[in-house]
Amino acid sequence: PPPPPPPPAWKCPVQAHAINNSHVDSCMWVNGTESVKWPPQASEYCDYIKQGYFGYVWPKTAGGFDEWPCPQAASQGQNSQDWFCVFNNHEKGINLPKNAKADCGQLAQGKFGYDF
């Protein structure tokens, strides 16, 4: 068999998958792998990645952190209606490259992360 591709020079946070192809490099959390899971009702908020944070949110009616724990690299939070998991740059192993873009369009398909 051919040798495996060399590992990327960059490192993704714990539980995230490093994906690299000819167009873009990505760090992706995949629902149902590496003990990562989020509810089907989750929605992303990714407009603030340039400010250093991004994440996802779901209604409290869908169950709490005991059922849907945040990935280890994320912090948990809540308001009156929602639970959320937020990834903060320079915290818990998140070191976003300068050109990072949130890859949030695939949350319903079970993928969430960032490209650079």
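Biologist: Before we continue, please state the origin of the model and the conventions in use.

Modeller: This is a predicted model, in which local features need pLDDT of at least 70 and side-chain atom pairs count only at pLDDT 80 or more, whereas totals for chains, interfaces and linings use all residues. Residues are numbered from 1 along each chain as its sequence is written, and side-chain values use heavy atoms, with hydrogens and water left out.

Biologist: How many helices and strands are there in the chain?

Modeller: Both elements are DSSP runs numbered from the N terminus: helices are H or I with at least four residues, and strands are E with at least two. The chain has zero helices and eight strands. Its pattern along the sequence is therefore written β-β-β-β-β-β-β-β.

Biologist: What radius of gyration does the chain have, and what would a compact globule have?

Modeller: The radius is taken over C-alpha atoms, and the globule rule is 2.2 Å times the number of residues to the power 0.38. For 116 residues the rule gives a value near 13 Å, and the 14 Å of the chain agrees with it. The C-alpha trace spans about 50 × 35 × 25 Å along its principal axes.

Biologist: What percentage of the residues count as buried?

Modeller: A residue is buried under 20% relative accessible area, exposed over 50%, and partly exposed in between, using a 1.4 Å probe and protein chains only. Of the 116 residues, 46% count as buried. The chain exposes about 6,900 Å², of which carbon and sulfur atoms supply 52%; such areas come from the Shrake-Rupley method with a 1.4 Å probe, and for residues only the protein chains shown count as cover.

Biologist: Which residues have the most contacts inside the largest nonpolar core?

Modeller: In soluble globular proteins, nonpolar side chains tend to be buried together. A nonpolar core is a set of buried Ala, Val, Leu, Ile, Met, Phe, Trp, Tyr and Cys residues joined through side-chain atoms within 4.5 Å. The largest one here has 30 residues, and those with the most contacts inside it are Trp29, Phe54, Tyr56, Trp58, Phe87, Phe112 and Tyr114. At least two residues of this core come from each of strands S2 (25-30), S4 (53-59), S6 (82-88) and S8 (111-115).

Biologist: Which residues does Ala42 touch, beyond those up to four places away in sequence?

Modeller: Contact means heavy atoms within 4.5 Å. Ala42 lies in the loop between S2 and S3 and is buried, at 15% relative accessible area. With the sequence neighbours set aside, Ala42 touches Tyr56, Val57, Trp58 and Leu107. For the chain as a whole, 44% of the contacts with a separation of 6 or more join residues 24 or more positions apart.

Biologist: Are Lys101 and Asp115 buried or exposed?

Modeller: Lys101, in strand S7 (residues 101-103), counts as exposed at 54% relative accessibility. Asp115, in strand S8, counts as buried at 17%. Their C-alpha atoms are 5.2 Å apart, although 14 residues separate them in sequence. Not counting residues up to four places away, Lys101 touches Ile49, Gly113, Tyr114 and Asp115.

Biologist: Where is Asn95 placed?

Modeller: Asn95 is in the loop between S6 and S7 and counts as exposed at 51% relative accessibility. Leaving aside neighbours within four places, Asn95 is in contact with Asn89 and His90.

Biologist: What is the phi of Gln15?

Modeller: Gln15 has a phi near 75°, a positive value in a residue other than glycine. Gln15 lies in the segment before strand S1 (17-20) and is buried, with a relative accessible area of 10%. Ser35, also not a glycine, has a positive phi of about 65°. Ser35 belongs to the loop between S2 and strand S3 (43-45) and is exposed, at 67%.
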